[in-house]
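Dear colleague,

My findings come after it.

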Amino acid sequence: MKAEKGMSELNNPGPDYAHLLAEVKERIRSAQYEALKAVNKELVGLYWDIGRMIVERQDVEGWGKAVVERLSADLRQEFPGVGGFSVQNLWYMRQFYLEYHESERLQPLVGEIAWTHNLAIMSKCKDPLEREFYLRMTRKFGWSKNVLIHQIANQSYEKSLLGQANFDQTLTPKLRAQAKLAVKDEYTFDFLELGEEYSERELERALITRIEDFLRAMGGMFAFMGSQYRLEIDGEEFFIDLLLFHRRLRCMVAVELKIGKFRPEFVGKMQFYLTALDRQVRQEDENSSIGIILCKEKSRTIVEYALHDARKPIGVATYEITKTLPRELRGQLPQPEEIAALLERIDE
């Protein structure tokens with residue numbers, strides 16, 4: 001009888017077992033991640049020290065390029081099973097030290113991400129604040145190397161800082177910085193295959209078909225809740241084009257798609273949707289809903305006026321089907337001290 005009971009418990013352990021299994025698996029993943037971080041930090045620290053020693057010896061001894069080639073050959077002979085000591089990588093170590101050794105803000109951050117990620121940021125970003133943005137975002141969101149390169153290519157730094165939203169007036173200080181970083185000024189949907197003419201419904205269907213690419217383009221912290229999300233209010237039906245959930249902000253995000261220019265009346269409609277979501281759908285442990293109005297074009301002045309007195313948190317962004325990078329907007333970025341203050345709050 002005891003044996004039968006034991007077998008029964010093994011085959012049908014009950015609902016609590018699922019929670020136990022989930023907790024154990026999460027603990028294992030956490031341990032694996034912490035171990036990986038520790039190994040990575042040690043590796044980056046090793047490369048930092050090698051770069052420093054090369055620089056210092058070259059300064060003192062006056063050694064030229066040949067010493068790096070010799071050092072590479074000797075290290076590979078001494079450590080045949082260990083990679084990372086190629087001539088090119090040793091030059092990267094030297095550059096790595098030279099680029100960051102005078103920066104107190106960036107030095108603690110470089111050890112928190114992988115060496116390959118550091119190389120991507122170091123080679124593709126020259127502005128210190130831009131580097132800090134990608135260092136912090138990679139650390140916080142665990143971007144893979146390919147995702148990081150994609151974010152840099154699509155100018156997430158500029159597009160995050162240029163975002164037009166009323167979050168300063170409508171969100172708590174705790175959520176403002178995160179919301180500003182979550183809602184960009186422009187999105188690139190270069191994965192879509194649409195002709196020159198298409199309807200809003202066709203755009204929506206195309207995005208749903210490539211939902212993983214869409215969520216990645218939106219920033220990677222969104223979960224999909226539905227398209228044409230139905231709301232019933234006083235016997236009438238209303239439909240939100242796309243409804244997402246932002247895992248970091250812990251709030252619903254309503255997205256309205258517009259294939260033309262931004263119009264001020266779009267804000268009133270979005271406020272209506274956000275009020276309905278907060279009253280009918282939002283759960284007690286979630287924050288107030290946020291709206292994103294995605295248009296093909298916008299006048300920054302008209303957007304500014306339209307959002308001025310809006311009571312709900314709304315961002316207005318544009319989208320491109322092909323990559324057109326707004327280099328001309330770099331002159332409109334906030335002051336360096338404002339950018340630095342925003343970057344410090346990424347980890348909150």
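This is a predicted model: local features need pLDDT of at least 70, side-chain atom pairs count only at pLDDT 80 or more; totals for chains, interfaces and linings use all residues.

Residues are numbered from 1 along each chain as its sequence is written, and side-chain values use heavy atoms, with hydrogens and water left out.

Salt bridges

A salt bridge is taken as a side-chain nitrogen of Lys or Arg within 4 Å of a carboxyl oxygen of Asp or Glu; the count by this rule is 22. One of them joins the side chains of Glu99 and Arg131, at 3.0 Å from N to O. Glu99 belongs to helix H4 (residues 87-100) and Arg131 to helix H7 (residues 128-141), so this pair ties together parts that lie 32 residues apart in sequence. Helices (H or I, at least four residues) are DSSP runs, numbered from the N terminus. Burial is judged by relative accessible area: under 20% is buried, over 50% exposed, and in between partly exposed (1.4 Å probe, protein chains only). On that scale Glu99 is partly exposed at 33%, whereas Arg131 is buried at 4%.

Glu256 and Lys258 form another salt bridge, with their closest N and O atoms 3.9 Å apart. Glu256 is buried, with a relative accessibility of 4%, and Lys258 is buried at 10%. Arg282 and Asp278 are likewise bridged through their side chains, at 3.5 Å from N to O. Here Arg282 is partly exposed at 32%, while Asp278 is buried at 12%. Elsewhere, salt bridges with shared partners link Asp49, Arg52 and Glu56 into one network.

Packing of H3 and H4

Helix H3 (residues 66-78) packs against H4 at an angle of about 115°, and the two axes are 9 Å apart. Axes are lines fitted to C-alpha atoms, for helices over the stretch in contact, and angles run from 0 to 180 degrees between N-to-C directions. From H3, the contact (heavy atoms within 4.5 Å) involves Val68, Glu69, Leu71, Ser72, Leu75 and Arg76, and from H4 it involves Val87, Leu90 and Trp91.

Nonpolar cores

A nonpolar core is a set of buried Ala, Val, Leu, Ile, Met, Phe, Trp, Tyr and Cys residues joined through side-chain atoms within 4.5 Å. The largest such core holds 43 residues, and Phe96, Tyr100, Ile121, Phe133, Tyr134 and Tyr157 have the most contacts inside it. Helix H2 (residues 15-61) supplies the largest share of this core, namely six residues. Apart from it lies another core of 32 residues, among them Val183, Ala206, Met218 and Leu242.

Helix H6 (residues 115-124) is mostly covered, with seven of its 10 residues buried.

Tyr134 and Gln151

Setting aside neighbours within four places in sequence, Tyr134 is in contact with residues including Ile121, Trp143, Gln151 and Tyr157. Gln151 itself sits in helix H8 (residues 145-153) and is buried, at 3% relative accessible area.

With kind regards

Conventions. Helices (H or I, at least four residues) and strands (E, at least two) are DSSP runs, numbered from the N terminus.
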